[in-house]
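Dear colleague,

I am passing this structure on to you, and below it I have set out what was found. Please read the notes with the structure open beside them.

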Amino acid sequence: MNTASDRTTSTAGTPGGLTHLDALEAEAVHIIREVAAEFERPVLLFSGGKDSIVMLHLALKAFAPAPVPFGLLHVDTGHNFPEVLEFRDRTVAAHGLRLDVAGVQEFIDDGRLAERPDGTRNPLQTLPLLAAITANRFDAVFGGGRRDEEKARAKERVFSLRDEFGQWDPRRQRPELWHLYNGRHRPGEHVRVFPLSNWTELDVWQYIGHQHIELPSIYFAHSREVFVRGGMWLAPGDWGGPRAGEPLEVRTVRYRTVGDMSCTGAVESTAGDVAEVIEEIAASRITERGASRADDRMSEAAMEDRKREGYF
Amino acid sequence: MATLVRTAPAPPATQVSALLRLATAGSVDDGKSTLVGRLLYDTKSVLADQYEAVRQTSRDRGLAEADLALLTDGLRSEREQGITIDVAYRYFATPRRRFILADTPGHVQYTRNMVTGASTAQLAVVLVDARKGLTEQTRRHTAIAALLRVPRVLLAVNKMDLIEFDKDRFQEIEEDFSEYAASLGVLQAAALPVSALRGDNVVAASPDLGWFEGPTLLEYLETVPVSSVSEPTAGRFPVQYVIRRQNRGRTEAVEDYRGYAGTLASGSFAIGDEVVVLPSGQRSRISGIDLLGRPVDQARAGQAATLMLADDLDVSRGDLIAPADQAPVPTQDVAATVCHLSEGPLRVGDRVLLKHTTRTVKAVVRGLTHRLDVTEGIPAAGSVDARADSDAVGATGTGTDADAATGPEALHANDIGRVVLRTASPVLIEPYAADRETGSFLLINPDSGDTLTAGMAGDPLGVFS
């Protein structure tokens with residue numbers, strides 16, 4: 001990595017120890033292999049976002065030269081960025097993977113879910129996710145969540161037990177010691193597994209650079225029509241923006257996270273490649289979620305509440 | 001013997017690792033949350049939106065300045081009760097190192113949380129209030145770090161501003177700590193004066209502590225050696241998963257592949273090494289090593305690797321690959337020091353699952369021989385009651401049911417005690433004091449799946465001999 005920013009940790013190798021990226025990679029691979037060995041029906045949540053792309057990259061390496069012994073699941077809000085969906089499908093085809101898609105739109109169409117007044121579909125993903133887990137009898141679900149993302153996530157286990165309603169109870173979580181992960185669960189329960197628990201946003205980007213991992217184009221600076229809502233740059237689309245009084249303008253932007261278009265904001269940026277993104281993040285004074293996720297701004301405990309209900 | 005390191009000498013660049021895992025312990029009163037908040041804030045790991053949220057909450061509570069302790073407040077249930085209920089992980093980085101900090105609460109009932117946080121830590125930072133000096137809690141935290149074989153323990157003597165930065169008082173506390181740490185067999189102990197609230201000697205040196213010649217807390221964290229202090233250990237490779245690729249049924253021809261995937265628990269392996277697969281005892285030679293798809297000549301501790309053997313053996317998950325001349329002895333009898341984690345008690349006769357490296361076996365609790373009173377820390381060698389004299393259990397030796405006659409009836413949550421287990425099939429367990437990876441295990445309730453107990457084979461503190 002050729003960035004000289006003061007928040008960037010050196011990745012120079014040391015004879016005695018592993019670099020921080022090597023150590024994080026080995027830990028994540030260990031976790032992924034534990035799941036493949038101890039569970040019957042694991043699945044990897046894959047949105048086409050950078051964290052899930054890194055997770056898939058780690059899974060491909062963990063079992064090389066054999067294929068990944070589990071499939072992918074995407075919860076599609078129906079308002080995803082077209083560039084990301086295209087990337088998702090191309091990746092699945094390139095590696096000969098199996099992809100299940102759970103669609104929020106389907107649930108809205110048949111009345112099982114109702115559109116929210118604010119048009120945001122992120123909180124609506126929980127029900128289709130749980131339905132897909134039940135229907136496919138998935139017993140382990142890999143998620144790309146990181147503990148540095150948010151306060152409620154800081155206390156999340158690597159193996160996070162969910163009851164038959166998919167609920168997370170912070171007081172019922174099992175202590176996790178050494179590298180011994182307890183994945184035992186009763187019928188109907190499942191375990192969410194977070195191999196990137198100990199990674200930060202910067203680690204993810206450094207790893208993407210180090211491994212030359214391809215990402216959807218919207219992670220890099222591009223010219224786009226956007227409008228302001230709730231202090232964020234949102235992109236117009238079928239999801240319902242902009243409204244009257246929300247003028248469109250063309251800006252040079254990129255996305256720090258990719259999610260539902262209705263609540264994922266773009267950041268103004270000229271970072272055109274991984275090295276420039278790393279420099280930008282290292283110098284950034286705003287967290288990833290603070291910069292680009294409207295749903296986490298709703299209340300101080302927004303994430304904690306959604307997690308309890310079975311969100312990612 | 002503990003060596004008190006006052007000035008942490010800057011190690012040669014080759015020894016600086018890029019990742020340090022540390023655990024912090026101390027109570028709210030000692031200012032631990034403030035210290036962790038200060039570290040995050042002063043290393044610029046707290047970003048503007050997080051800081052703004054803290055400033056807002058501080059204002060709402062009528063505080064004049066931002067309360068940095070709020071940065072580490074997690075769940076709403078904790079905020080409501082004003083306590084920390086669990087281990088929280090924090091991440092920060094400087095140009096020299098990346099840090100993973102396990103922040104553990106200091107209440108008596110949360111011994112298990114510190115055990116959890118310390119289990120992966122390479123350094124424990126224990127906080128004391130300079131006005132109070134070493135308290136029961138300090139002793140307990142230091143003892144737990146010693147029990148978990150955290151290689152280094154740093155005492156952060158906080159609130160130095162409240163004792164007028166008194167050098168003599170600091171040295172008194174430092175000497176008490178040094179003596180206590182040495183009695184527990186802590187491998188490396190050190191002490192630093194700080195004021196978390198004012199930021200003295202946390203990230204920047206303080207003019208009020210001009211007499212202190214050692215490093216700031218952050219300098220210490222950036223330069224302390226990460227490697228374990230003990231001698232290099234023999235290679236240990238618990239087989240995690242068998243990777244197979246077969247030509248059969250494929251359209252294009254590929255070579256058959258059979259490799260044993262896992263993470264090296266300790267030591268290293270190289271192509272050509274003579275090895276034994278345990279518990280079966282079959283011998284072979286390493287014919288190839290892959291590091292995540294890339295062929296290499298050698299793999300070392302901490303790496304996720306795939307080993308290939310020269311002979312076609314029956315090897316599966318839970319087996320251990322070890323050097324033929326330095327192999328552990330399979331055993332079904334395990335004596336261990338444990339910390340009970342679960343709300344329900346652990347009793348003699350309980351049938352449990354024992355999870356050790358990648359192997360999970362049925363086991364029964366044959367004996368509970370001691371419960372240690374840790375309110376004042378774990379007793380030093382030789383100070384355990386007379387029952388210890390009749391306890392002839394070795395590191396992985398045999399226990400007898402007679403032990404149960406004199407021991408406690410049960411272990412409850414947060415109890416630290418001594419158990420003797422019998423497993424249904426052999427395990428390749430080694431003394432925890434020699435190897436944290438191959439000496440640690442969990443006991444699991446076979447019905448609920450709950451994690452019951454954290455175990456450390458043998459007698460890591462040497463208190464029972």
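How many bridges join strand 12 of chain B to strand 13 of chain B, and do these strands run parallel or antiparallel? Four bridges join strand 12 (residues 274–278) to strand 13 (residues 282–291) of chain B, and the two run antiparallel; strands count as paired if DSSP finds at least two bridges between them.

Before going further, please note that this is a predicted model, in which local features need pLDDT of at least 70 and side-chain atom pairs count only at pLDDT 80 or more, while totals for chains, interfaces and linings use all residues. Residues are numbered from 1 along each chain as its sequence is written, and chains are lettered from A and ligands numbered from 1 in the order in which they are written. Helices (H or I, at least four residues) and strands (E, at least two) are DSSP runs, numbered from the N terminus.

To stay with chain B, strands 12 and 13 form a hairpin with three residues between them, and B:Gly281 in the turn has a positive phi of about 85°. Within this pair, B:Val276 stands opposite B:Arg283. Strand 12 of chain B is also joined by four bridges to strand 17 (residues 320–323), again running antiparallel, and there B:Val277 has B:Ile321 as its bridge partner.

In chain A, six strands form an open sheet of mixed pairing, in the order 3-2-1-4-6-5. Strand 3 (99–103) and strand 5 (159–162) of chain A stand at the edges with a single partner strand each, so one side of each is left without a neighbour in the sheet. Strand 2 (residues 71–76) of chain A pairs with strand 3 in the parallel sense over five bridges, and A:Leu73 has A:Asp100 as its bridge partner.

Chain A is also divided by its domain assignment, whose bounds come from an automatic or database source, into domain 1 (20–202 + 302–308) and domain 2 (216–297). The C-alpha centres of these two domains of chain A lie 23 Å apart, and 21 residues of domain 1 are in contact with 22 residues of domain 2, contact meaning that C-beta atoms, placed from the backbone, lie within 7 Å. On the side of domain 1 of chain A that touches domain 2, helix 3 (82–94), helix 6 (201–211) and helix 9 (302–308) each supply at least two residues, and helix 3 gives the most, with three.

With best wishes

How values were computed: Two residues are in contact if their C-beta atoms, placed from the backbone, lie within 7 Å.
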